[in-house]
Amino acid sequence: MKRFIPLVMLAAFLLPQTLPAQPIWVGAGEMDGLILEWQKPFLDNSDGAGFFLSTLFLGYRQRTSESLLIHIEMPMSNFDGDDGGEFLLGNPYIGLGFGSEDAIITGDVGVRVPIADEDKWVARRWANYGDIDRMDAFEPNAVPVSGLLRFRTMFPATKLGLRAHFGPSAVVFTEDRGDDIMDVYLKYGLIGMYEDEGVLVQLGFSGLYDVSEDEGDFDSNSLHQIGMTVNADVGAGIWPGLLLRFPLDERYKNAIDLVLGINFLIMI
């Protein structure tokens with residue numbers, strides 16, 4: 001698989017030249033504003049785990065021109081257990097989105113600042129299972145770099161639409177790991193939408209494939225999930241939403257049963 005890494009990295013630089021930067025499951029994704037996401041994984045075996053085992057993402061996005069958008073994000077993970085807790089501040093994200101609001105095909109590119117504490121491995125583990133789309137948010141001793149191509153369209157004369165994304169994510173190590181200088185993943189997904197004047201419903205799947213893994217097959221080196229979100233405009237530029245995700249792969253199912261979350265987009 002390692003022979004494909006140069007091609008994947010080349011794609012990372014090409015994709016951004018082509019939907020604005022946004023979290024995958026947050027509704028009203030074309031709007032500027034503050035973003036709050038709280039996600040709680042429900043474990044397959046919940047013995048010893050408390051209610052506040054969860055992740056929190058605080059984000060901000062702002063369009064600076066017709067075809068450029070900035071997006072920053074601060075990830076946090078909290079492990080709540082009978083024997084104590086563990087709080088992990090993740091790697092902050094700084095990204096750019098390319099493309100106008102009504103563009104069908106656009107892209108984004110971003111980098112995470114490597115500040116995650118390698119000793120907080122319990123909080124990191126459950127954060128990764130809670131949001132496989134953003135595993136690199138909590139990777140220690142590494143600089144995550146990503147680029148995504150995004151597609152969005154509405155079907156004529158209907159309230160139905162489709163979103164898709166595809167692109168590489170490279171985790172470049174900042175410590176010596178021998179011949180390994182990075183891990184490379186492919187992120188992808190396909191999501192159907194129902195969009196009315198003040199309601200957005202989304203249903204689809206997303207996945208992650210480890211390109212840099214030499215051993216095993218596709219099934220053993222990938223993770224997938226199905227998800228659903230419902231967001232509504234409650235006035236004053238506030239869009240609250242509910243999120244529900246279920247793992248599809250057997251080893252993923254052995255870790256968690258589902259992920260339940262809430263999110264808020266506050267237009268400013």
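Trainee: How many salt bridges does the count come to?
Mentor: Eleven salt bridges. A salt bridge here is a side-chain nitrogen of Lys or Arg within 4 Å of a carboxyl oxygen of Asp or Glu. This is a predicted model, where local features need pLDDT of at least 70, side-chain atom pairs count only at pLDDT 80 or more, and totals for chains, interfaces and linings use all residues. Residues are numbered from 1 along each chain as its sequence is written, and side-chain values use heavy atoms, with hydrogens and water left out.

Trainee: Why can side chains pair like that?
Mentor: Because opposite charges can pair when the charged atoms come close.

Trainee: OK, Arg134. What does Arg134 form with Glu37?
Mentor: A salt bridge, with the closest N and O atoms 2.9 Å apart. The two residues sit 97 residues apart: Glu37 is in strand E1 (residues 33-43), and Arg134 is in the loop between helix H2 (121-130) and strand E7 (142-154). Helices (H or I, at least four residues) and strands (E, at least two) are DSSP runs, numbered from the N terminus.

Trainee: Is Arg134 buried or exposed?
Mentor: Buried, because its relative accessibility is 11%. Buried means under 20% relative accessible area, exposed over 50%, partly exposed in between (1.4 Å probe, protein chains only). Glu37 is buried too.

Trainee: Which residue forms a salt bridge with Arg134 at 3.0 Å?
Mentor: Asp131. Asp131 is buried, at 2% relative accessibility.

Trainee: Which residues are linked in a network?
Mentor: Glu37, Glu73, Arg112, Asp131, Arg134, Asp136 and Lys187, through salt bridges.

Trainee: New topic. How far apart are the closest N and O atoms of Glu175 and Arg177?
Mentor: They are 3.4 Å apart, in a salt bridge. Glu175 is partly exposed at 35%, and Arg177 is partly exposed at 31%.
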